[in-house]
Structure formats: C-alpha cells, structure tokens
Amino acid sequence: MSTSPSNGKIIDGKIIATALKARVAAEVARLKAEHGLTPGLAVVLVGNDPASEVYVRNKGIATVEAGMNSFEYRLPGTASQDEVLAKVRELNADPAVHGFLVQFPVPDQISQQAVIDAIDPNKDADGLHPLNAGRLASGLPAMVPATPEGCVIMAKLAGGDLSGKHAVVIGRSNLVGKPVAQLLLKENCTVTIAHSRSHDLPGLARQADILVAAVGRPNMVRGDWVKPGAIVIDVGINRVPAPEKGEGKTRLVGDVAFDEAVKVAGAITPVPGGVGLMTVACLMRNTVIAACRQNGIALPKDF
Ligand SMILES: Nc1nc(=O)c2c([nH]1)NC[C@@H]1CN(c3ccc(C(=O)N[C@@H](CCC(=O)O)C(=O)O)cc3)C=[N+]21
C-alpha cells in the first residue's frame, strides 16, 4: 500500500482500511470483467442488538461499495437453533453467496459453536470454522479471521518486518486472541499468549515489542504496561457511559488507556478509527478470496 499508514504515532485505520477496500474493489471489477463473477457476502442477524445492527449495516455498505452483492437475513431474537441452522444450510447451498457470517453474539438459546460448525468452511467469511482454525495453525491455506488479519496488517505497516520481535497477545478467544497469535507466529514473532489467569500481566505486557489487547475490558492496559517504543494494537470495542456528552450517552473506548499509552508507545491504534475499520475491510477481502477459490480463479500474489 502506498498510503502513509500513520499520522505520527497514531496508526490510522481509516487510511489503511480505505486503501485495502479500494484494492478489493479493483479486484472485484477485474473478476466481473474477466470472469463474469460478482462475489457475494451474506450476513445473518439474529435479534436486534443495537451494536450488531450498526456493524451489520457497515458491512452491507462496504460490500456494495466494493461492487459485490450484499445479502442480509434477519431472524427474530426468539428464533430456535434449528431455524438458524436451516438458514446456514440454505446459504451453504446458495451459489450467489461466496461468503457469509452469522453476527455474534447470538441469543442464549442458540449455540454459537453449533452455528460455526454448520458453516461450509469454504464460505466461512469469518474464518472461525474449526477446519479453518486448524488449517491456519498448520500453515495451510485457510479463511483467516478478519480482525486478527487487520491487526497484523496494521502492525506490519507500523513496524515493518516483525521477524524476531516479541508479540504479547492479551486474550485467548477463538475470535481474536488465538488466531492473531497464529498470524504473528507466521510473521516469525516470538509469541506470548497472556490472559486473565496469567501471573503479572503488566510485567508480561512490558516485554512486548508488539502488544495486542483483545480482552474486552475498557482501559485495562495502562501506560506503564507499555514498553517505550512498542507497537500497541487495541482490539477492544467497549461502550462506556459518557455523561460529558449528555444524559444517557455513551462513547467507544478500547482495552488500552489510550491517553496514557500514546505517550509511551512507538505506534498505537485508536478506538474508534482503528482495528474495527480493518475488520470490515478484511471481511471484504475474504469474500473475494472465497469467491476465487470456489471458482478456481487465481488471485494476484500480493492480494
Ligand atoms: N460473526 C461475527 N463476525 C465479526 O467480525 C463480528 C461479530 N460477529 N460480532 C461483533 C464483532 C465486532 N465487529 C466490528 C466490526 C466493525 C467495527 C467498526 O466498524 N468499528 C468502527 C466504528 C464503530 C462505531 O462507531 O460503533 C471503528 O472502530 O472505528 C467494529 C466492530 C465485528 N464483529
């Protein structure tokens, strides 16, 4: 990417995601012109969680802007697991849908894992199916989860070659912590996965050349957890009360106490305007990758 990745030490997710989405749109145009193929992404939303509504809308807009077909399916919050699985099987069989995801969280009566397991691994836009997780861990071609991919793209733009650097990932979820650790390992980092039971989290974090915070606890990582000059990637998206904006208002904060960490870090992603935007851009890219694999079309090596 030719665009500057950062404005001083703040890694600008808007600039990087915009450049990636433009790259995706160009590839979509080529697929249409040369192969008559329009990639399609479907999103399934169960219930009407307000945050999910925002994300699903953003994904739909980005899909259309990239020139792809966007499909949105809504099921009531009372839907049974069988009803959700029936929708998954329908999308598995729909030739216009090359990638899809079921937006999380799903209501309590539905098993998130059962939903993931039912998705055709080739259409698994989120890269969460155990086959894709295993393929990633084995160094095989896989659908890669979008948020972790976005984290690593940002870290590389800020830090160049990551080889030999110590990456400390705080968080061990299947959605972010584990896959981001795998991707950093692929970049030849020395990787530590830390979590809520780790002894001396601040001490572990201070060893990091690349610190990834993916815990879901607002402002948990303080300025004195950051090694001077480290690259800090903040995956947290936490809504907290913002009385200064008015009664009942909220604002978005990450897992990192930004105002403290920005003084110490060499580079840091903001929230909002950081990793979240890359999640959407990488999801667009995944849809193109899935469409090409399903149709035996080769992508440029640097895509
Ligand atoms: N199956 C599934 N796959 C997901 O990838 C998935 C999911 N479920 N459930 C929820 C999380 C969260 N997520 C985000 C996507 C975009 C932004 C995003 O665009 N953020 C902007 C704006 C945020 C705002 O203003 O609300 C920003 O950070 O600047 C954030 C978060 C995808 N997730």
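Me: At roughly what angle do the axes of H6 and helix H7 (residues 177-186) cross, and within how many Å do they come?

Reply: The model is a predicted one, in which local features need pLDDT of at least 70, side-chain atom pairs count only at pLDDT 80 or more, and totals for chains, interfaces and linings use all residues. Residues are numbered from 1 along each chain as its sequence is written. Helices (H or I, at least four residues) and strands (E, at least two) are DSSP runs numbered from the N terminus. Axes are lines fitted to C-alpha atoms, for helices over the stretch in contact, and angles between N-to-C directions run from 0 to 180 degrees. Here the axes of H6 and H7 cross at roughly 40° and come within 8 Å. H6 is therefore oblique to H7; angles under 35 degrees count as roughly parallel, over 145 as roughly antiparallel, 65 to 115 as roughly perpendicular, and the rest as oblique.

Me: What is the handedness of the crossing of H6 and H7?

Reply: A crossing is left-handed if the near helix is turned anticlockwise from the far one by less than a right angle, and right-handed if clockwise. The crossing of H6 and H7 is right-handed.

Me: How is H6 placed against H10, and at roughly what angle do their axes cross?

Reply: The axes of H6 and H10 cross at roughly 110° and come within 8 Å. That makes H6 roughly perpendicular to H10. The crossing of these two, H6 and H10, is right-handed.

Me: At about what angle do H2 and H10 pack?

Reply: H2 and H10 pack at about 50°, and their axes lie 10 Å apart. The two helices, H2 and H10, are therefore oblique to each other. Their crossing, that of H2 and H10, is right-handed.

Me: Into which domains is the protein divided?

Reply: Domain bounds come from an automatic or database domain assignment. The division is into domain 1 (35-123) and domain 2 (146-277). Taken over C-alpha atoms, the centres of domain 1 and domain 2 are separated by 27 Å.

Me: Which features does UniProt place at residues 11-126 and at residues 145-294?

Reply: UniProt positions are in the numbering used here, feature names are shortened, and annotations may be inferred rather than shown by experiment. For residues 11-126, the unreviewed UniProt entry gives "domain: Tetrahydrofolate dehydrogenase/cyclohydrolase catalytic". That span, 11-126, is 51% helix and 16% strand, with its end C-alpha atoms 24 Å apart. For residues 145-294, the unreviewed entry lists "domain: Tetrahydrofolate dehydrogenase/cyclohydrolase NAD(P)-binding". In the model, residues 145-294 are 35% helix and 19% strand, and the end C-alpha atoms lie 18 Å apart.

Me: Which residues come nearest to the ligand?

Reply: A residue is near a molecule or strand if its C-beta atom, placed from the backbone, lies within 6 Å of it. Of the 19 residues around the ligand, those that come nearest are Tyr55, Leu101, Phe104, Pro272 and Gly276. Two or more residues of the shell come from each of helix H2 (50-65), strand S5 (99-102), helix H6 (146-159) and helix H10 (275-294). H10 gives the most, with 4 residues. Domain 1 and domain 2 each supply at least three residues to the shell around the ligand.

Me: How many residues of each class does the shell around the ligand have?

Reply: Ala, Val, Leu, Ile, Met, Phe, Trp, Tyr, Cys and Pro count as nonpolar, Asp, Glu, Lys and Arg as charged, and the others, Gly among them, as polar. The shell has 12 nonpolar, 6 polar and 1 charged residues.

Me: Which peptide bonds to proline 105 and proline 272 does the model show, cis or trans?

Reply: Most residues other than glycine have a negative phi, and most peptide bonds are trans. The bond from phenylalanine 104 to proline 105 is cis, with omega near 0°. Proline 105 is in the loop between S5 and helix H4 (112-118). The bond from valine 271 to proline 272 is also cis, with omega near -5°. Proline 272 is in the loop between strand S12 (267-268) and H10.

Me: Is phi of aspartate 200 positive or negative?

Reply: Phi of aspartate 200 is near 55°, a positive value in a residue other than glycine. Aspartate 200 is found in the loop between strand S7 (190-194) and helix H8 (201-205).
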